Amino acid sequence: EAMAENVDLVVLGAGPGGYVAAIRAAQAGLKTVLVEKAKAGGVCLHKGCIPSKSMLRSAELYQQMKNSEDYGILTSDVQLEMASVQQRKNRIVTQLFNGVQQLLEKNGVTVVEGTGRILGPSIFSPQAGTISVEKADGSENDMFVPQHVIIATGSRPRSLPGLNVDGKAVMFSDHALEMKSLPKSIVIIGGGVIGIEWASMLNDFGVDVTVVEFADRILPFEDADVSKEMTRLLQKRDVKILTGAKLLSETVQVEEAGVRLQLEQEGEIRSLESERMLVSVGRQPNTEDIGLHNTSIQVEKGFIQVNAKMQTAESHIYAIGDVIGGYQLAHVASHEGILAVDHILGRAVHPLDPTIVPRCTYSRPEIGSIGLSEAEAVEKGYNIKTARFPFRGVGKSLVSGEADGFIKVVADQDHDDLLGVHIIGPHATELISEAGLAKVLDATPWEISQAIHPHPTLSEVYGEVALAVDGKPIHS
Ligand code: FAD
């Protein structure tokens, strides 16, 4: 066995949770080791946020160019070249990957390649767990004895019972991101964020798309009005949406022509055929093989249980990001990473307030939301007031040719608090940040209406919807 090295902090996993935590710790002078078995940047950079958004941008542009006559631009023979779409995506990922590696180096983080595991209490320091790092090349394990550990091992796609995901006809998003050519048709199992982003993208690429969703609506965690509008807009583009529909996963058969499957909807069995199938039914935490059995750390449905300071039942071991569940978002993982490190450093930390976390779906149009939906606010007993204002009501949306959607505000009638903001429409993922700031500053709808929104911009919808909460908007 190699000599174990004493360090201040070992971070397991270099996704947006782990690498941000490692940089924060190293900046404060902690001797920090970051263990990663694949590539720094994690799912977000290599299989998630960045590559998917790059492909979405290609799809959006393709769709716009095919419909550019409206803008006075006559194109002929617009062609899609999947290989170049892939190359562009890979270029962007590589550039950002280099950036992350440089940042880690610049800040003095020691990056160790391999699979990290907690071996349990160490002989050097009874409360700290020894960490072993198994190397891919089979060479002797590295050993570390840290004062603190942060588990940031993230998540992977979840499958369904009896389903064989071969990565070709039956894919996870990991596989779909590497598609060399597009199928004629695809059935997407799961109408959550990932499923709807792919439905919108593939439809823009010209693929015949069917979405199968178990709940009674797509994007079931969004405000019901947003789900309804997204359903309407996707259906207008000929995306087929089957809700209250359960895939009978054991019926899935891969044949030469494609995938044959059965689903149950309203008590009836339906058969579907499609060239390919994408399975996007949630993410499973990576907690099986990291030595948790050597600790008293609690897991529930695989997710590591932590307190508001991100500490597990072993107070010197923290866990952050997708591996603890909750909102599985990159910016949440990073925020939690900073929170955990600040707590280790003895700084004052504010527990993460889930009602100030913006959530984004990069479909066309986009969705951005924060805080409570109307139904959640009612369920929590608030006496609510709501308002909606359509993008169509401001000039900029017509100028840009993207007039679908609205901003909806849910506020507390009694205290005038902003409870939730729900945007579906052009650039919703950018626009939601104004609501994020409003939430952090505890702004009232009236205060939002007092912010001056430049003309012509999409942000004018904020001014209008804020007026509408307590009275009348101008342009309606
Ligand atoms: P991960 O990013 O999962 O990183 C964990 C890392 O740990 C991995 O690199 C893994 O190799 C490593 N690891 C695991 N076990 C070990 C071990 N034992 N030893 C060493 N290393 C280990 N979120 C957004 O906010 N915006 C988006 O637009 C968005 N789009 C997405 C699109 C797709 C298709 C997918 C799949 C996800 C998307 N997400 C998005 C979610 C986002 O990617 C995750 O929330 C985020 O990556 C979680 O970060 P993390 O640090 O917790 O874990």
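Select Ile-196 to begin; this residue lies in helix 6 (residues 193-204). Helices here (H or I, at least four residues) and strands (E, at least two) are DSSP runs numbered from the N terminus. The model is predicted: local features need pLDDT of at least 70 and side-chain atom pairs count only at pLDDT 80 or more, while totals for chains, interfaces and linings use all residues. Residues are numbered from 1 along each chain as its sequence is written.

Ile-196 is buried, because 28 other C-beta atoms lie within 10 Å. By definition, a buried residue has 20 or more other C-beta atoms within 10 Å of its own, an exposed one has 12 or fewer, and a partly exposed one falls in between, with C-beta atoms placed from the backbone. Display the surroundings of Ile-196 next: leaving out residues up to four places away in sequence, Ile-196 touches Gly-191, Ile-218, Leu-219, Met-230, Thr-361 and Ser-363. Contact here requires C-beta atoms, placed from the backbone, to lie within 7 Å.

**The annotated site**

Now select Gly-190, Gly-191, Gly-192, Val-193, Ile-194, Gly-195, Ile-196, Glu-197, Glu-213 and Gly-282, which an unreviewed UniProt entry lists under the feature "binding site". These residues span 93 residues in sequence, but no two of their C-alpha atoms are more than 13.9 Å apart, so they gather at one spot. UniProt positions are given in the numbering used here, feature names are shortened, and annotations may be inferred rather than shown by experiment.

Within this set, centre on Glu-213, which is placed in the loop between strand 10 (208-212) and helix 7 (224-236). Is Glu-213 buried or exposed? Glu-213 is buried, since 26 other C-beta atoms lie within 10 Å. Apart from neighbours within four places in sequence, Glu-213 is in contact with Gly-190, Gly-191, Ile-218, Leu-242, Thr-243 and Ala-245.

Continue to helix 7, which has 13 residues and reaches 18 Å from its first C-alpha to its last, close to the 18 Å expected at 1.5 Å a residue. The expected span is 1.5 Å times one less than the number of residues in the helix. Colour Val-226, Ser-227, Glu-229, Met-230, Thr-231 and Leu-234, the buried residues of helix 7. They pack against helix 6, strand 11 (240-242), strand 22 and strand 25. Just after helix 7, Asp-238 takes a positive phi of about 70 degrees.

Move to helix 3, whose 18 residues should span 26 Å at 1.5 Å a residue; the end C-alpha atoms are 26 Å apart, which agrees. Its buried residues are Ile-50, Pro-51, Ser-52, Met-55, Leu-56, Ser-58 and Ala-59, and they pack against helix 2, helix 4 (82-106) and helix 6.

**The ligand**

Select the ligand and its shell of 38 residues, among which Gly-13, Gly-15, Gly-42, Gly-154 and Gly-321 are the closest. The elements giving two or more residues to this shell are strand 2 (32-36), helix 2 (42-46), helix 3 (49-66), strand 4 (115-121) and helix 8 (330-344). The shell divides into 17 nonpolar, 17 polar and four charged residues.

**Backbone details**

Most residues other than glycine have a negative phi, and most peptide bonds are trans. Inspect the bond from Arg-364 to Pro-365, which is cis with omega near -5 degrees; Pro-365 lies in the loop between strand 21 (359-361) and strand 22 (366-371). The bond from His-455 to Pro-456 is also cis, with omega near -10 degrees, and Pro-456 lies in the loop between helix 12 (445-450) and helix 13 (460-470).

Leaving aside neighbours within four places in sequence, Val-394 is in contact with Pro-456, Leu-458, Glu-460, Val-461 and His-475. Val-394 is buried, with 23 other C-beta atoms within 10 Å.

Finish at Lys-301, whose phi is near 50 degrees, a positive value in a residue other than glycine. Lys-301 counts as exposed, with 8 C-beta neighbours inside 10 Å.

**Confidence**

The protein chain has a mean pLDDT of 96, and 98% of its residues reach 70 or more; pLDDT is the predictor's confidence in each residue, from 0 to 100. For the complex, the predictor gives an ipTM of 0.99 and a pTM of 0.97.

Terms used:
Two residues are in contact if their C-beta atoms, placed from the backbone, lie within 7 Å. A residue is near a molecule or strand if its C-beta atom, placed from the backbone, lies within 6 Å of it. Ala, Val, Leu, Ile, Met, Phe, Trp, Tyr, Cys and Pro count as nonpolar, Asp, Glu, Lys and Arg as charged, and the others, Gly among them, as polar.
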